[in-house]
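Keep the sequence and the 3D view open while reading.

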Amino acid sequence: MNIQPRVRGFICLTAHPEGAYQNVKHQIEYVKSKGEIKNGPKKVLVIGASTGFGLSSRISAAFGSGAATIGVFFEKAPAEKKLATAGWYNTAAFEKQAHEAGLYAKSINGDAFSDEIKKHTIDLIKQDLGQIDLVVYSLASPRRTHPKTGVAYSSVLKPIGQAFTNKTVDFHTGVVSDVSINPIESEEDIQNTIAVMGGEDWKFWMEDLKAAGVLAEGVKTVAYSYIGPELTFPIYRNGTIGQAKNDLEATVPVINDILKDLNGVSYVSVNKALVTQSSSAIPVVPLYISLLYKVMKAKGIHEGTIEQMQRLFAERLYTDNGEVALDEKGRIRVDDWEMRDDVQKEVAELWNQVSTESLPNISDIEGYRTDFFQLFGFEVPGVDYEADCNEVVNIPSIS
Ligand code: NAI
């Protein structure tokens, strides 16, 4: 079938398997070009493995240190004349290339918040790998059904206290306008967002994996957080999602306690703002990212998810001397280049100037748009989008 992008706001309803294949291939090539990650992980579970930071983590582990990987995610499978979601095609592409390279790679498609998927994952680890030495927790979801109570929670992206007004961009049209976001109406908004994106599910995973005896001595686990600049604080770090990130970060000592007798350790890594399916849904943030890209590209320090994750593995989690650099709050920082004073100063200056008229010149809105379409396998160099493409692409370990 001929597959073209069909966009509704910040989501794309279609995805291109060949584009996904090439995206994954480029990420693999990048990791291979950086050389072996010495002392890297060997048996890895990635929760949220099909897109964004989780996919890049899986690729870094597999192709950087030859790791066997199990990936868990929630994606739609294809059928005759029905497209799969991008994460499905990404995973089909990843498994194919991993298997060709002689690497173990299996995947589980289902709700990672459920007890059932946790059990299924543990059974697969027992059957195939015995024990794992790294757990990457990279879920981003708008809702979660609690496995013990059955209560369904939805997260919200709202400021706390007062309404927040700032500039935002429609990255399809390039129109810059003011957006006002009303604050939470009740404490419940905060609690719901924490229930979805906070640390409880990460803790449940680590408890279950530990109780099943599938964690190796010295196991590591890492989950991802974001801080960003002051101009996004009201909607991000000081908003409902920021409260969930505080909760996630506060789960680190709780998990360290769970892992104590295995000499295991847990980390939160603060990553850079990047175009992913999740970040494009947050108001204000896409405009910030398009200015940030402009500044970081001009300075030669721009990174995508794969550059971020390769650096996380090679220069933070698995260093030659075994030391992991942490900030004053005990977090890994790979947002260090984003947060550099010179970068933030220039972004702030551009922020004051940006308007619909100046956007094409002073931002990298084109880079934002291209990254957005590439998330779904479109606008990938070398792919013939006029050619017919088979939509029914299987994930080897699932079908
Ligand atoms: P993403 O949307 O690209 O990936 C989310 C992953 O979670 C996908 O693999 C998806 O299938 C999986 N998933 C969602 N709900 C699921 C469920 N119920 N069961 C199983 N799998 C499920 O998101 P992204 O941006 O890579 O986010 C990952 C983490 O990184 C999040 O914690 C996010 O807050 C954090 N982060 C993101 C930044 C950004 O700019 N995008 C910056 C810093 C941190």
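How many bridges join strand β6 to strand β11? Five bridges join β6 (residues 132-137) to β11 (residues 215-225), and the two strands run parallel.

## Basis of the report

This is a predicted model, in which local features need pLDDT of at least 70 and side-chain atom pairs count only at pLDDT 80 or more, while totals for chains, interfaces and linings use all residues. Residues are numbered from 1 along each chain as its sequence is written, and side-chain values use heavy atoms, with hydrogens and water left out.

Helices (H or I, at least four residues) and strands (E, at least two) are DSSP runs, numbered from the N terminus. A residue is called buried under 20% relative accessible area, exposed over 50%, and partly exposed in between (1.4 Å probe, protein chains only).

## The sheet

Seven strands form an open sheet with parallel pairing, in the order β5-β4-β3-β6-β11-β12-β13. Two strands count as paired if DSSP finds at least two bridges between them. The edge strands, each pairing on one side only, are β5 (105-109) and β13 (332-333). Helix α3 (residues 86-100) packs on the sheet, where it touches β4 (68-73) and β5, and its direction makes about 160° with that of β5. Such angles run from 0 to 180 degrees between N-to-C directions, with axes fitted as lines to C-alpha atoms, for helices over the stretch in contact.

Strand β3 (residues 43-47) is mostly covered, with four of its five residues buried. Five bridges join β3 to β4, and these strands run parallel. In this pair, L45 stands opposite I70 in β4.

D201 is found in helix α6 (residues 200-211). Its relative accessibility is 1%, so D201 counts as buried. Contact here means heavy atoms within 4.5 Å. Leaving aside neighbours within four places in sequence, D201 is in contact with A112, F113, K118, Y137, L139 and R144.

G199 is found in the loop between α5 (187-197) and α6. With a relative accessible area of 1%, G199 is buried. Not counting residues up to four places away in sequence, G199 touches D247, L248 and T251. The C-alpha atoms of G199 and S266 are separated by 12 Å, and these residues are 67 residues apart along the chain.

## Surface and backbone

F10, I11 and L13 make a nonpolar surface patch of about 260 Å². Patches are made of residues with over 30% relative accessible area and no salt bridge; like charges are joined within 9 Å, and nonpolar side chains (Val, Leu, Ile, Met, Phe, Trp, Tyr) within 5 Å. Accessible areas come from the Shrake-Rupley method with a 1.4 Å probe, and for residues only the protein chains shown count as cover. I11 lies in strand β2 (residues 11-12) and is partly exposed at 40% relative accessibility.

Most residues other than glycine have a negative phi. N39, in the loop between α1 (17-33) and β3, has a positive phi of about 60° although it is not a glycine. E379 also has a positive phi of about 60° without being a glycine. E379 is found in the segment after α12 (365-375) and is partly exposed at 36% relative accessibility.

## Salt bridges

A salt bridge is a side-chain nitrogen of Lys or Arg within 4 Å of a carboxyl oxygen of Asp or Glu. By this rule the count comes to 25 salt bridges. One of them joins E249 and R237, with the closest N and O atoms 3.0 Å apart. E249 lies in helix α7 (residues 240-259) and R237 in the loop between β11 and α7, twelve residues apart. Both E249 and R237 are buried.

D342 and K299 meet in another salt bridge (3.2 Å, N to O). D342 lies in helix α10 (residues 341-353) and K299 in the loop between α8 (285-298) and α9 (305-317), so the pair ties together parts that are 43 residues apart in sequence. D342 is partly exposed at 30% relative accessible area, and K299 is partly exposed at 29%.
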